[in-house]
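Student: Can we go through this one together? I'll ask, you answer.

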Amino acid sequence: MFKNAIVRKPCPSMVSGLRDQDNGDPDFERAVKQHSDYCDALRQCGLEVTELESMNQFPDSVFIEDNAVLTRKCAIVARPGADSRRNETEGLAEMLSCLYESVYEITAPGTLDGGDVMMVGDYYYIGLSERTNAEGARQFIEFLKQHDMDGDTIQLEAGLHLKSSVSYLEHNQIVVTEPLTNHALLSEFKKIIIESEEAYAANSVWINDNILVPSGFPQSASAISESGLSIVELDTSEFRKLDGGLSCLSLRF
Ligand code: CIR
């Protein structure tokens, strides 16, 4: 069960956030509304939500998931792989030290984005991507081991982050897109396959037996609810323009 979430408010400069393809700039006012609905959904799932002030000097800072990984036993501050995001983590270790006895930081030359880290209990899957390198993953696993946790890496061939393609929905169940469906490390999971035209819905989020699913992906929504899970659909259109999904918008712990 999660009890808390940390989010960062969107900033007006998000209109110049990073993106792989140009699908138009996000509308800031609409993003603020979608973010507020997201926070309400987290609260309805029973979470206490801490809203950090926006950081206009960092256009992508609303995607706070990439800044840290909060495990059951320690906090690990990430070192974002994109240059423009590298310093988003300033002050975070200090803030997290009020919540955790053990706070670690990924250091150079390691890079790691939280979006590349999928938690399955005390075991972590780490995507090696354009943002997360082998050294970042190595440091991350070393921190885990100090607390009797462990992890392994998955080399990504496509997608921004690991969790752009696969999400753990608890109960030994994942939603996963085609490229990772047959990955050896994921073979033990029960799979809900997300069709390629709905790939964005692979970034869905388990919160206390509710699944947050992006709206506009009907096949995925019914596949997830058919497996007995209760879904909450949320509009993320403005964050999607920056390749961001539901998980990126919060740290849950
Ligand atoms: C970026 O490219 O870093 C942002 N525009 C999107 C980050 C999305 N984060 C995530 O999937 N965890």
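Student: Let's start with H35. Buried or exposed?

Tutor: H35 counts as buried, because its relative accessibility is 2%. Buried means under 20% relative accessible area, exposed means over 50%, and partly exposed lies in between, with a 1.4 Å probe and protein chains only.

Student: Before we go on, where do the coordinates come from?

Tutor: This is a predicted model, so local features need pLDDT of at least 70 and side-chain atom pairs count only at pLDDT 80 or more, while totals for chains, interfaces and linings use all residues. Residues are numbered from 1 along each chain as its sequence is written, and side-chain values use heavy atoms, with hydrogens and water left out.

Student: Good. Where is the place of H35?

Tutor: In helix α1. Helices are DSSP runs of H or I with at least four residues, strands are runs of E with at least two, and both are numbered from the N terminus.

Student: What does H35 touch?

Tutor: Leaving out residues up to four places away in sequence, H35 touches V7, R8, K9, P10, V62, F239 and L249. Contact means heavy atoms within 4.5 Å.

Student: Zoom out. How many helices and strands does the protein have?

Tutor: Six helices and 15 strands. The radius of gyration is 17 Å, close to the 18 Å that the globule rule gives for 253 residues, so the protein is as compact as a globular protein of that length. That radius is taken over C-alpha atoms, and the rule is 2.2 Å times the number of residues to the power 0.38.

Student: What does the C-alpha trace span along its principal axes?

Tutor: About 45 × 40 × 35 Å. Buried residues make up 56% of the 253. Among contacts between residues at least 6 apart in sequence, 67% join residues at least 24 apart.

Student: What does the accessible surface come to?

Tutor: About 11000 Å², and 46% of that belongs to carbon and sulfur atoms. The areas come from the Shrake-Rupley method with a 1.4 Å probe; for residues, only the protein chains shown count as cover.

Student: Now α5. Which of its residues are buried?

Tutor: S220, A221 and I224, in a helix that runs over residues 218-226. They cover an arc of only 100° around the axis, which puts them on the same side of α5. The arc is that of the directions from the helix axis to the C-beta atoms.

Student: Why would residues three or four places apart point the same way?

Tutor: An α-helix has 3.6 residues a turn, so residues at that spacing point the same way.

Student: Which residues are exposed on the other side of α5?

Tutor: P218 and E226. The cover over the buried residues includes β10 (173-177), β11 (190-194), β13 (210-214) and β14 (230-234). After α5 comes G228, with a positive phi near 90°.

Student: What about phi at D209 and D243?

Tutor: Neither is a glycine, yet phi is positive: about 70° at D209 and about 65° at D243. Most residues other than glycine have a negative phi, and most peptide bonds are trans.

Student: Where do those two lie?

Tutor: D209 is in the loop between β12 (205-207) and β13. D243 is in the loop between α6 (237-240) and β15 (251-252). D209 is partly exposed at 39% relative accessible area, and D243 is partly exposed at 32%.

Student: Peptide bond from A108 to P109: cis or trans?

Tutor: Cis, with omega near 5°. P109 sits in the loop between β5 (103-105) and β6 (117-120).

Student: One more proline, P80. Buried or exposed?

Tutor: Buried, at 1% relative accessible area. P80 lies in the loop between β4 (75-77) and α2 (92-96). Beyond its neighbours within four places in sequence, its contacts are D66, N67, R85, R86, T89, L112 and D113.
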